[in-house]
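Please open the model in your viewer and keep the sequence panel beside it. The tour below moves from one selection to the next and says what is to be found at each stop.

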Amino acid sequence: MPDQLSDPCRLTLTFDNGPSPAVTPQVLDILGQRQLPATFFVVGQQLRLPGGLELAEQVAAAGHRVGNHSMNHRIPLGDDPATDHPQSEIAAMQRLMGDLAGDDWLFRPFGGGGNLDQHLLSHAAVDHLVANDYTVVVWNSVPRDWIDTVTWPERARADMADLPWTVLVLHDLPTGAMDQLADFLDRAIDEGVEFRADYPDACVPVRGGVVQWPFEHLVAPVPAGQPG
């Protein structure tokens with residue numbers, strides 16, 4: 001692992017694709033023991049499983065933020081040809097979340113493996129997110145914990161060494177990756193990492209429905225013959 005982190009070194013923890021009854025309680029215990037904040041970007045398919053909503057309620061009750069990560073997590077919205085996907089994937093999920101979302105509606109698009117490119121969003125999705133005052137949260141570190149469940153902390157720390165403020169994407173799913181979480185966090189605490197509940201401007205292209213910076217590189221081109 002890198003010996004020297006950036007100075008300053010800020011870290012925002014985010015967990016995607018849950019909640020999972022096999023793993024989310026473990027993650028909550030680890031965070032609670034260390035009094036660390038996180039955001040959980042949840043998926044509708046998981047909330048609809050038995051106990052899913054109750055798990056998300058536990059996340060919120062523990063003081064963490066809960067964000068919308070789409071209803072089905074099926075295909076990046078920039079690749080989705082369905083004309084109704086802002087409603088079926090974003091709005092329907094927001095209704096399912098209900099009060100869990102709080103006052104600041106957070107949305108994280110599906111990157112298809114963590115990619116930040118034109119597959120991420122469609123123009124229709126962007127229009128919906130802006131019109132409904134969402135805050136869109138992307139990332140700058142994806143250590144691919146779902147593939148390499150043991151040594152993902154090395155990649156996370158490499159990103160933290162290069163970035164003054166890292167928005168880390170992990171997954172509270174039953175892969176075994178979260179067995180490394182406690183040691184990763186303890187080392188970061190020992191090194192004086194500042195854990196944050198908010199997000200750097202560079203990872204928030206839309207805040208409260210207001211576009212913060214140009215992000216055409218994250219939006220699919222309008223198909224020929226369709227209005228822009």
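Select helix H5 (residues 123-131), where the buried residues, buried meaning under 20% relative accessible area, exposed over 50% and partly exposed in between, with a 1.4 Å probe and protein chains only, are Ala-125, Val-126, His-128 and Leu-129. Looking down the axis of H5, you will find that these buried residues fall within an arc of 165°, so they line one face of the helix; the arc is that of the directions from the helix axis to the C-beta atoms. Turned away from the buried side, the opposite face of H5 carries the exposed residues Asp-127 and Ala-131. Helices (H or I, at least four residues) and strands (E, at least two) are DSSP runs, numbered from the N terminus.

This is a predicted model, in which local features need pLDDT of at least 70 and side-chain atom pairs count only at pLDDT 80 or more, while totals for chains, interfaces and linings use all residues. Residues are numbered from 1 along each chain as its sequence is written, and side-chain values use heavy atoms, with hydrogens and water left out.

Next, show what covers the buried residues of H5, which includes H4, strand E4 (106-107) and strand E5 (135-136). H4 and H5 pack at an angle of about 45°, with their axes 9 Å apart, the axes being lines fitted to C-alpha atoms, for helices over the stretch in contact, and the angles running from 0 to 180 degrees between N-to-C directions. That angle makes H4 oblique to H5, given that angles under 35 degrees count as roughly parallel, over 145 as roughly antiparallel, 65 to 115 as roughly perpendicular and the rest as oblique. The contact (heavy atoms within 4.5 Å) is made by His-85, Pro-86, Gln-87, Ile-90 and Ala-91 of H4 and by Ala-124, Ala-125, His-128 and Leu-129 of H5.

Now move to helix H7 (residues 181-190), whose buried residues are Leu-181, Ala-182, Phe-184, Leu-185 and Ala-188. Seen down the axis of H7, these too fall within an arc of 165°, so they line one face of the helix, and the face turned away from them carries the exposed residues Asp-183 and Asp-190. Colour the partners of the buried residues of H7, namely strand E1 (10-16), helix H1 (24-34), helix H6 (152-162), strand E6 (165-171) and strand E7 (194-196). Just after H7, Gly-192 takes a positive phi of about 80°.

Which residues touch the most other members of the largest nonpolar core? Among its 38 residues, they are Phe-15 and Leu-181, where a nonpolar core is a set of buried Ala, Val, Leu, Ile, Met, Phe, Trp, Tyr and Cys residues joined through side-chain atoms within 4.5 Å. H7 gives the most to this core, with 5 residues. Leaving aside its neighbours within four places in sequence, Leu-181 is in contact with Phe-15, Val-27, Ile-30, Trp-152 and Leu-170.

For the last stop, select Thr-39, which lies in strand E2 and is buried, with a relative accessible area of 0%. Beyond neighbours within four places in sequence, the contacts of Thr-39 include Leu-13, Phe-15, Arg-65, Leu-106 and Tyr-199.
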